[in-house]
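Subject: Structure for you to look at

Hello,

Here is the structure I promised to pass on. Please open it alongside this note. My findings follow below.

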Amino acid sequence: MLLRLLGVLALLAVGAGSGMSAALVHESWWGLLLGLGVAALTTLALPPGWRFAFMLGWFGAIGRAALPRAEGDYLVPATTAGYVLLGGSFMLFLTSLATVPRPVSRRRGDGDDPVVSAG
């Protein structure tokens, strides 16, 4: 259980760091492709139970970067690259949320399961 918690915390930190890195370089075409590409490949490479933690950190960092700064400007401005970064991040977040595994029931011997009852 402790290792699982440490893994989730590590994925949150890595996701937040890479999301903030993508927000810093998204104005150039290669930075936008690199940021979204790395996030997409990492999301696909992680098992379904773990990818949500990574994308939660990523999307949290992108969301924080989209808020106004103290100077009054934005780290992710309302440009085409900014909207592509926000939209792509949102789509990756929804994909990771949709693939979260459902909890498994721990009940045994109910007789409700047709596969177990038929055999």
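At what angle do helix 3 and helix 4 pack, and how far apart are their axes? The angle is about 155°, and the axes lie 9 Å apart. Angles over 145 degrees count as roughly antiparallel, so helix 3 is roughly antiparallel to helix 4. Their crossing is left-handed. Please keep in mind that this is a predicted model.

Which residues make that contact? Helix 3 (residues 48-66) supplies Arg51, Phe52, Met55, Leu56, Trp58, Phe59, Ile62 and Ala66. Helix 4 (residues 80-98) supplies Leu85, Leu86, Ser89, Phe90, Leu92, Phe93, Ser96 and Leu97. By class, the contact has 13 nonpolar, two polar and one charged residues.

Now the chain overall. The protein chain has five helices and zero strands. Along the sequence the pattern reads α-α-α-α-α. The chain has 119 residues, and 26% of them count as buried. Take the contacts with a separation of 6 or more: 74% of them join residues 24 or more positions apart.

Helix 1 deserves a look too. Helix 1 covers residues 2-25, which is 24 residues. At 1.5 Å a residue, helix 1 should span 34 Å. Its end C-alpha atoms are 35 Å apart, so the two values agree.

Which residues of helix 1 are buried? They are Gly7, Leu11, Gly15, Gly19, Ala22 and Ala23. Their cover includes helix 2 (29-45), helix 3 and helix 4.

Best wishes

Notes: Residues numbered from 1 in each chain as written. Predicted model: local features only at pLDDT ≥ 70, side-chain atom pairs only at ≥ 80, totals over all residues. Heavy atoms only, no water. Axes fitted to C-alpha atoms, helices over the stretch in contact; angles between N-to-C directions. Helix = DSSP H or I, 4+ residues; strand = E, 2+ residues; numbered from the N terminus. Parallel < 35°, antiparallel > 145°, perpendicular 65-115°, else oblique. Left-handed = near helix turned anticlockwise from the far one by under 90°. Contact = heavy atoms within 4.5 Å. Nonpolar A, V, L, I, M, F, W, Y, C, P; charged D, E, K, R; others polar. Expected span 1.5 Å × (residues − 1). Buried < 20%, exposed > 50% of the residue type's maximum accessible area, 1.4 Å probe, protein only.
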